[in-house]
Amino acid sequence: MVSLKSNAEIELMREAGRVVADTLRVVTEAARPGVTLKELDALAAEHIRAARALPSFLGYRPYASVPPFPGVLCLSVNDVVVHGVPNERVLRDGDLLSADCGAILGGYHGDSAVTVAVGRADPAAERLALATREALEAAIAAMVPDNTIGDVANAVQRVAEAYGYGILRDHGGHGIGTSMHEDPHVPNSGRPGRGYRLREGLVLALEPMFVESGRTDYRILPDRWTLVTADGSRAAHFEHTVAVTGDGPRVLTAL
Ligand code: MF3
Ligand code: CO
């Protein structure tokens, strides 16, 4: 069931989104060679706590078959696409890091992710991250009344095809509000005009995930969370929480 949000609820979601955006800014500024993923996670935990919010991911357990997520952030390096567990891994020059953050404030969630190069980026990594960001921007632009989920999905797909990147299979965005994951699911590929019709008050987390090699398949590591590309090629991930409003798309997790 899709829940539409009132303007007052969207303002509350903006406050949660602001905490998420600030946290990602702090984390990406700290993401230098020599820093561990655990250190970045501790920084995020402290920042969210100081904002009087709570982390959405810590302890999250979608099914009984997976352990509770052990971090505040998902930190996904190089061939890790998403759901990377913050561990003792040390960041190195040239690593491609996705930082994904969720926080709840006033009963509402914000969810956002960015991909950044650690130290000096190689041009291929830069291109992959830029394309994924471009896909997110295209999806945001499609967040207008009377478009459909298929239009949003197709906007992402077209960017991936233009660059020759693979779209991670089985994964996509989601509705968001008082729960981190609400209906509808938002695929990263689809046909224009298909699916649920967008209306004012709909809030979605849009999250393109692109694979450098063009493949779409993946494996999940024995920790049951870390999702890596099947062929070891790199991936990028960007995410924003976005509301459909009468004045156009509103990015609730913008800085
Ligand atoms: N942005 C991710 C998602 O929407 C974050 C979930 S990570 C988890 O699925 F650890 F909470 F599962
Ligand atoms: Co999400």
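**Exercise 1. Identify the residues that coordinate the cobalt ion (ligand 2) and describe the arrangement of the donor atoms.**

*Solution.* Step one is to list the coordinating residues: Asp-111 (OD), His-174 (NE2), Glu-207 (OE) and Glu-239 (OE) hold the cobalt ion (ligand 2) at 2.1 to 2.2 Å. Donors here are N, O and S atoms within 2.8 Å of the metal (3.2 Å for Na, K and Ca); water is not among the atoms, so sites may look incomplete. This is a predicted model, in which local features need pLDDT of at least 70 and side-chain atom pairs count only at pLDDT 80 or more, while totals for chains, interfaces and linings use all residues. Residues are numbered from 1 along each chain as its sequence is written, chains are lettered from A and ligands numbered from 1 in the order in which they are written, and side-chain values use heavy atoms, with hydrogens and water left out.

Step two concerns geometry. The arrangement is irregular because the 6 donor atoms around the cobalt ion (ligand 2) subtend angles of 66 to 169°. Four donors count as tetrahedral if all angles lie between 85 and 135 degrees; four count as square planar and six as octahedral if opposite donors are over 155 degrees apart and all others between 65 and 115; anything else is irregular.

Step three places the donors in the sequence, where their spacing reads D-x62-H-x32-E-x31-E. Asp-111 in strand S5 (residues 108–117) and His-174 in strand S7 (residues 172–175) are 63 residues apart, so this pair links distant parts of the chain. Strands (E, at least two residues) are DSSP runs, numbered from the N terminus.

**Exercise 2. Determine which polar contacts ligand 1 has with Asp-111, His-174 and Glu-239.**

*Solution.* A polar contact is a pair of N or O atoms within 3.5 Å; within protein, one must be able to donate a hydrogen and the other to accept it, and residues adjacent in sequence count only if both atoms are side-chain atoms. An N or O atom in the side chain of Asp-111 is 3.1 Å from an oxygen atom of ligand 1. For His-174, a polar side-chain atom lies 2.8 Å from an oxygen atom of ligand 1.

**Exercise 3. State how strand S14 (residues 240–245) is covered and which strands pair with S14.**

*Solution.* Two strands pair if DSSP finds at least two bridges between them. Finally, a hairpin of 2 residues joins S14 to S15.

Definitions and conventions: Helices (H or I, at least four residues) and strands (E, at least two) are DSSP runs, numbered from the N terminus. Buried means under 20% relative accessible area, exposed over 50%, partly exposed in between (1.4 Å probe, protein chains only).
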